[in-house]
Amino acid sequence: MSIRYISSLIFFAGFILSGCTTSRQIAIDPPSIEPHSFQPLQGFSVIDGDDYYVRLISEFDSKADNVLKSGCADIAPSYSKGDLSAALIYSIRNNALKFNSEATGFLYQATTGKCNFKFDAKKQYLTPWIRLDSGKETMVDYDFYTNANSDLDLSKLVGDVNAASSLLAMTGVGMGVAIMGQFASEWVKSSQQAAPAAVQTSGKHSSESHSLPAATSFSGKTGALNHSVFKVYEVTEGGVNPFGSNIKPLGELKIYPEILPTLLLKTTADGIPDARDLSLEEMWYSPMKSTSGQITLQQLIEQSRHPAKPNLNPNWDNYAEVESNCRKLKLVLKDLGFNKFDRNAVLYYFLFKNGDWKNYNISGQMAMADEIRPKILEAYRSKGFGNCLAADDYTVMKSMGLSVNAPSDWNLIGESRQKKEQFFTPMQSVERQLISVLKSPNPAEMARQMFPLLSTAKGGDGTVLLQNHLGDFGLEALLNSPVPPVSSSSGAAETQTAPSAASAPVVVPGEGVIVSARQLAQVFSGLSISELSCARPAPEQQGKSAENIGIFLFTTKDGSSRIKGGAIEFEFFGGKISRIAFQLPTFRDFEQDLLNRPEIGGCRIDPAFLMKLH
């Protein structure tokens with residue numbers, strides 16, 4: 001065993017046993033460094049100094065099994081000299097935060113009599129919680145003092161140190177939070193009490209000072225929490241063995257860092273902070289420790305002397321005002337020392353009172369609804385609180401289970417909307433052309449424009465399968481009316497003519513009849529159409545991979561063969577209409593579909609239009 005005996009740090013106490021003098025010493029080995037690795041939080045690729053909080057703790061792990069008291073049953077043991085003491089004291093500093101403090105590692109005191117002693121090595125919090133990027137700058141020096149005379153009482157020195165650092169004995173979530181940042185001056189001031197009187201060097205009291213390595217280190221995916229471990233021994237010399245010594249381990253004094261990802265929130269089983277099911281009021285009531293006692297997070301922010309102090313109750317309907325105060329709140333929270341999880345949880349619930357925030361974070365399902373038009377979505381996206389939140393902030397909020405739209409989510413919404421709009425484009429193109437033709441007042445011109453829109457496998461270009469499910473409104477009479485010849489779009493006259501009086505009249509069976517563009521134009525002209533709605537996919541077509549059946553409503557003028565109007569269904573392939581069917585508005589549950597989905601494919605039909613058909 002290699003033990004460094006601190007000869008200048010030894011206090012002696014003699015006792016007479018069979019005429020011999022016994023002395024006791026406290027000895028320590030140089031500290032050993034035990035690195036303990038830590039990893040990035042789940043879902044994050046690297047360790048960020050903004051992920052964690054860290055605080056330093058001193059703790060004594062006893063190995064002695066009451067060894068100091070084992071001699072109390074011996075015959076006539078005693079010490080000839082009292083007022084013997086030794087202490088190990090830490091000096092903690094963080095220059096970035098202007099933080100300086102002192103704390104006690106252990107204190108040993110002995111008076112006359114072998115069993116009249118005290119060994120005090122309580123658990124000590126050397127720092128409050130500090131964000132990891134600032135906490136890695138925390139350095140610790142240690143001083144080992146001994147005194148072998150009553151002219152200096154180390155217990156007073158330790159008492160002064162403990163009084164100055166008592167504020168650091170703080171607890172975490174649920175019991176109040178102690179945190180240190182650049183503007184958390186309450187804790188800095190409280191720890192800057194008058195320093196204990198310096199120990200004067202003499203032959204009867206000695207000291208030695210050293211520095212410990214940094215408690216934390218991290219880079220990329222790897223991080224280490226460095227535990228400094230002192231092995232502390234009791235060394236007894238003299239007595240019945242004047243030329244030997246008895247070495248007994250007292251224990252290990254450890255200085256180690258502890259890390260947490262959140263101080264305000266609960267965590268999941270994976271250790272990720274969970275910010276769900278909270279409110280701004282609950283966040284404001286989070287308890288904090290201060291020099292005057294426990295205060296709330298809201299009071300801490302309001303009492304801060306930060307130059308960017310926010311208004312915590314802005315006009316929630318004013319986007320610019322809310323965004324500005326969000327920015328200020330973010331700066332204050334960061335400079336008070338809160339990490340990205342706690343900051344963004346507070347910011348989320350602060351913004352949650354604003355309607356623009358809720359619109360910006362619209363769900364993907366709602367964003368795809370036809371009621372939300374592209375221009376409205378663009379307006380939602382434009383108010384993304386970019387002067388307060390960065391893309392990383394949205395990522396952190398999502399990792400805590402909060403429903404937000406990161407830029408990537410908005411890109412996905414845009415792509416989905418574009419695909420949806422492209423899905424309806426063929427139907428909308430045919431609809432625009434057909435409705436434009438139907439608005440023409442001249443039957444001959446209507447037929448000319450209709451010709452290139454129609455095509456059937458059986459009749460070829462310029463023909464369409466015409467069906468009637470609207471009832472008897474005189475469709476055959478309209479088809480059998482005389483029609484003047486009309487040239488096609490290519491300039492060639494159609495060879496098909498309307499039936500003459502001697503010809504068999506056109507009959508429309510249940511499966512329909514193929515008619516020419518001229519005949520179809522005659523039908524529409526005879527209907528005297530007044531108003532046309534936009535076209536929607538037929539109800540049973542919605543959700544299919546290819547929608548090629550549209551339906552729209554029409555009303556008629558006075559004197560029309562069809563009173564009030566009805567619905568027209570059209571089927572198309574490759575931009576050509578192959579089938580047109582007259583329908584009742586209730587056919588295919590069309591009216592109920594209008595109520596269930598007021599807008600689809602960019603088409604919204606007012607219920608008042610529908611009422612005109614009843």
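The protein chain holds 17 helices and 30 strands, where helices (H or I, at least four residues) and strands (E, at least two) are DSSP runs numbered from the N terminus. This is a predicted model, in which local features need pLDDT of at least 70 and side-chain atom pairs count only at pLDDT 80 or more, while totals for chains, interfaces and linings use all residues. Residues are numbered from 1 along each chain as its sequence is written, and side-chain values use heavy atoms, with hydrogens and water left out.

**Chain as a whole**
- Of the 614 residues of the protein chain, 50% count as buried, meaning under 20% relative accessible area with a 1.4 Å probe, protein chains only.

**Helices H6 and H7**
- Helix H6 (residues 319-335) packs against helix H7 (residues 340-351) at an angle of about 160°, with axes 10 Å apart, the axes being lines fitted to C-alpha atoms over the stretch in contact and the angles running from 0 to 180 degrees between N-to-C directions.
- H6 and H7 are therefore roughly antiparallel to each other, a term for angles over 145 degrees.
- Their contact (heavy atoms within 4.5 Å) involves residues including Val322 and Leu329 of H6 and Val346 and Phe350 of H7.

**Helices H13 and H15**
- Helix H13 (residues 443-450) and helix H15 (residues 517-527) pack at about 130°, and their axes lie 8 Å apart.
- H13 and H15 are therefore oblique to each other, the class left once angles under 35, over 145 and from 65 to 115 degrees are set aside.
- Among the residues making this contact are Met446 of H13 and Phe524 of H15.
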